[in-house]
Amino acid sequence: GLIFVHELGHYLAARQRGLPVGLPTFIPFVGAWIQLKEMPHNVETEAWVGLAGPLLGTVGALACYVFYRSSDEPLWLALAYAGFFLNLFNLIPVSPFDGGRITAIISPRVWLLGVPIMGALFLWRPSPLLILMMILAAPQVWKAFKYDPKAPENAAYYTVAPGKRIEYAVYYIVLAAFLAVMSSEVYNMLEQLRGNTQ
């Protein structure tokens, strides 16, 4: 359900910007995505559609947290943690993650920061899913490495007002910081609950 809420954010943002889009597609134990039938015409639209998923997903996780606070039912707290963590994970700044789509408005070179983050995550918690994500991210990392802002196709797609770059950078940093704090806080609350039941 929380993944659906996240994907619904992308879907609504794409529809708002006039992009033809299919309903969310789910693959169990892997994730979900929406199928854009037409790619965004500029990086600001891509960033907006990318941001909307984690933003609405965070609202969904917050709703679970509020339900826990009003009911003391541990399931809601576990769901809140899953929502906060999944949306934070999705903000890794490299495409195909939403973080890569958001930070592209700053510069595709920001994607190069995603490589050490994914590497650290893999060392911390090895996962076949992370290996799959690294494989999917590899062409984007190569694109970031070769990125030339003066190339005509890049100038047409990535040119935005400096104020927009700052605006999306603030959205990204504030959302990532909030999700990091909430993930940590809710994880600690879950650990306390586990300690109390043992």
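Q: Is the crossing of helix 1 and helix 2 left-handed or right-handed?
A: Helix 1 and helix 2 make a right-handed crossing. A crossing is right-handed if the near helix is turned clockwise from the far one by less than a right angle, and left-handed if anticlockwise. Helices here are DSSP runs of H or I of at least four residues, numbered from the N terminus, while strands are E runs of at least two. This is a predicted model, in which local features need pLDDT of at least 70 and side-chain atom pairs pLDDT 80 or more, while totals for chains, interfaces and linings use all residues. Residues are numbered from 1 along each chain as its sequence is written, and side-chain values use heavy atoms, without hydrogens or water.

Q: At what angle do helix 1 and helix 2 pack?
A: Axes are lines fitted to C-alpha atoms, for helices over the stretch in contact, and angles run from 0 to 180 degrees between N-to-C directions. Helix 1, residues 2-16, packs against helix 2 at about 145°, and the two axes are 7 Å apart.

Q: Which residues of helix 1 and helix 2 meet?
A: Contact means heavy atoms within 4.5 Å. From helix 1, the residues include L2, V5, L8 and L12, and on the helix 2 side they include W48, G53, L56 and C64. By class, this contact of helix 1 with helix 2 has 13 nonpolar, eight polar and no charged residues. Ala, Val, Leu, Ile, Met, Phe, Trp, Tyr, Cys and Pro count as nonpolar, Asp, Glu, Lys and Arg as charged, and the others, Gly among them, as polar.

Q: What does L56 touch, apart from residues up to four places away in sequence?
A: L56, a residue of helix 2, touches V5, L8, G9 and L12. L56 has a relative accessible area of 28%, so it is partly exposed. Buried means under 20%, exposed over 50%, and partly exposed in between, with a 1.4 Å probe and protein chains only.

Q: How do the axes of helix 2 and helix 3 cross?
A: Helix 2 (residues 43-71) and helix 3 (residues 74-89) have axes that come within 8 Å and cross at roughly 160°. That makes helix 2 roughly antiparallel to helix 3. Angles over 145 degrees count as roughly antiparallel, under 35 as roughly parallel, 65 to 115 as roughly perpendicular, and the rest as oblique. Helix 2 passes helix 3 in a left-handed crossing. Their contact holds 13 nonpolar and six polar residues, and no charged ones.

Q: What lies in the loop between helix 2 and helix 3?
A: D72 is placed in that loop. Most residues other than glycine have a negative phi, and most peptide bonds are trans. D72 is not a glycine, yet its phi is positive, about 60°. With a relative accessible area of 56%, D72 is exposed.

Q: Which residues does a cis peptide bond join?
A: S95 and P96 are joined by a cis peptide bond, with omega at about 20°. P96 sits in the loop between helix 3 and helix 4 (98-103), and its relative accessibility of 31% makes it partly exposed. Leaving aside neighbours within four places in sequence, P96 contacts R101, L136 and A137.

Q: How do helix 2 and helix 8 pack?
A: The angle between helix 2 and helix 8 is about 25°, and their axes are 11 Å apart. The two helices are therefore roughly parallel to each other. Their crossing is left-handed. Among the residues that meet are W48, L55, Y65 and R69 in helix 2, and K164, Y171, F178 and M189 in helix 8. This contact of helix 2 with helix 8 divides into 17 nonpolar, one polar and three charged residues.

Q: Is S183 buried or exposed?
A: S183, found in helix 8 (residues 162-197), has a relative accessible area of 6%, so it is buried. Not counting residues up to four places away in sequence, S183 touches Y81, F84, F85 and L88. The side chain of S183 also reaches the backbone nitrogen of F85 at 3.4 Å.

Notes: Polar contact = N/O pair within 3.5 Å; in protein donor to acceptor, adjacent residues only side chain to side chain.
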